[in-house]
Amino acid sequence: MLDLIESPYARTTDATYSVYYHLKAHVASARYGGGYVRKPGFHSSVEDNLEDWPDNYSIREAINRREPRDVGRALDITLSDADMRTLTRRLVWAVETDDPRLEGLREFFGTLDGRTVYGRSRRGPDTDWYSSTADSSHLWHIHLSFFTPFAGNWAALAGLVSILIGESLTDYLNGGTMERNIAEHGDSGTWVKFVQRYLQDFGATLERDGQWGDQTTAAAKWVFVHRFGGDPADYDGRSMTDWMLREFIRRDQDARTAAAIKAAVAKLPTAAPTQAQVDAAVATFLKANPIKLPTGVSVNLGNVTGTLFYGG
Amino acid sequence: MAEVHDWHLLDAEAGLEARQVTAEGEPNRWEVRRTGGVGVKGLDDEQFDGLRAGRLAFEEL
């Protein structure tokens, strides 16, 4: 995982500042546009909002009144026009593909065309995204708000950096230097839901509720034995490592590729073309691409041996 | 009449703030100033993008 960098800004967590710091290393136009700022909303702390703006949306959901309550929960990153479009597109793609690296993200604003502010928000890590918008300053800076408990959670926010710099999920999972648990029995949230989707895709019967209980354990073990050909004694189904998740993704991609090839092959004609069909195709081609024969040019073939056919 | 937005931090490390001041039906205009309110400069879209992309420095504008 990327290093956690000490924040030089008061009440901006190290994790929040590290998002900017590591993005800057990949995106030259990135400028620090603000973390903690005392104004209504996620840029200020839970305590600030409770004290001065108790009706503000940033403290409405229970998750956003949890600890840490004395830090900002948002980050603004100023970018060039081109980078605004690129990074906003990456966030949109992550939302559309249900990318679990978005785990801690509450909302974002940016632009896809440089003219219109584009935003997506959600009320909890496992609730649906909805469209939202904000003022025109988001044409030149990307705004990221975090669910309060994630404002200081570098493990979660590092995943966001990975999305912003354009890494695929597989690249992100490959970035670890040691095997680690992605999710395990007792966990809940985005990563569990993501794993459950693959378990369902591989044929296991379970509800995709984002809770890793006995049902998910049984499903994981079933996939390990019946789809991966594993020995039941080797895996208790109570956790999912990054290695296993990569294997899920690889097999899923292989299956999708195989299905696409099968569909393409099914569309091919079953019988070989007749001579008449070939002749017609050649005639059509020659009509569209007439061959110009040279005139008044002699060709010296030298000594030629063989049989000359007249094709008619 | 220009639609004037609030000042917003553009670059904390360089100490710059920006806001949009585009008049209705006109090309975009922006204002950039030092944090604290001094040295306001008016910019068009190209200059504003150049500033953010690092092609132009605030002092050059």
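The model is predicted, so local features need pLDDT of at least 70 and side-chain atom pairs count only at pLDDT 80 or more, while totals for chains, interfaces and linings use all residues. Residues are numbered from 1 along each chain as its sequence is written, chains are lettered from A and ligands numbered from 1 in the order in which they are written, and side-chain values use heavy atoms, with hydrogens and water left out.

Chain A contains an open sheet of six strands in the order β1-β2-β6-β3-β4-β5, with antiparallel pairing. Helices (H or I, at least four residues) and strands (E, at least two) are DSSP runs numbered from the N terminus, and two strands pair if DSSP finds at least two bridges between them. The edges are held by β1 (31-34) and β5 (130-132) of chain A, each with a single partner strand, so one side of each has no neighbour in the sheet. From one strand to the next the twist averages 25 degrees; axes are lines fitted to C-alpha atoms, for helices over the stretch in contact, and angles run from 0 to 180 degrees between N-to-C directions. Strands β3 (residues 105-111) and β6 (residues 141-146) of chain A pair in the antiparallel sense over four bridges, and E107(A) stands opposite S145(A) in β6(A).

Two helices of chain A are described against this sheet. Helix α1 (residues 14-26) of chain A lies across β1, β2 (74-78) and β6, at about 20 degrees to β2(A). Helix α3 (residues 81-96) of chain A lies across β3, β4 (117-121) and β6, at about 140 degrees to β3(A).

The contact (heavy atoms within 4.5 Å) takes 21 residues from chain A and 16 residues from chain B. The area buried between the two chains, which is the accessible area (1.4 Å probe) lost on being put together, summed over both, is about 1400 Å², and carbon and sulfur atoms give 48% of it. R31(A), S136(A) and W140(A) supply 41% of the area that chain A buries against chain B, more than any other three residues.

Between chain A and chain B the count is two salt bridges, each a side-chain nitrogen of Lys or Arg within 4 Å of a carboxyl oxygen of Asp or Glu. One of them joins the side chains of R52(B) and D81(A) (2.8 Å, N to O). On the side of chain A that touches chain B, α1, β1, β2 and α3 each supply at least two residues, and β1(A) gives the most, with four residues.
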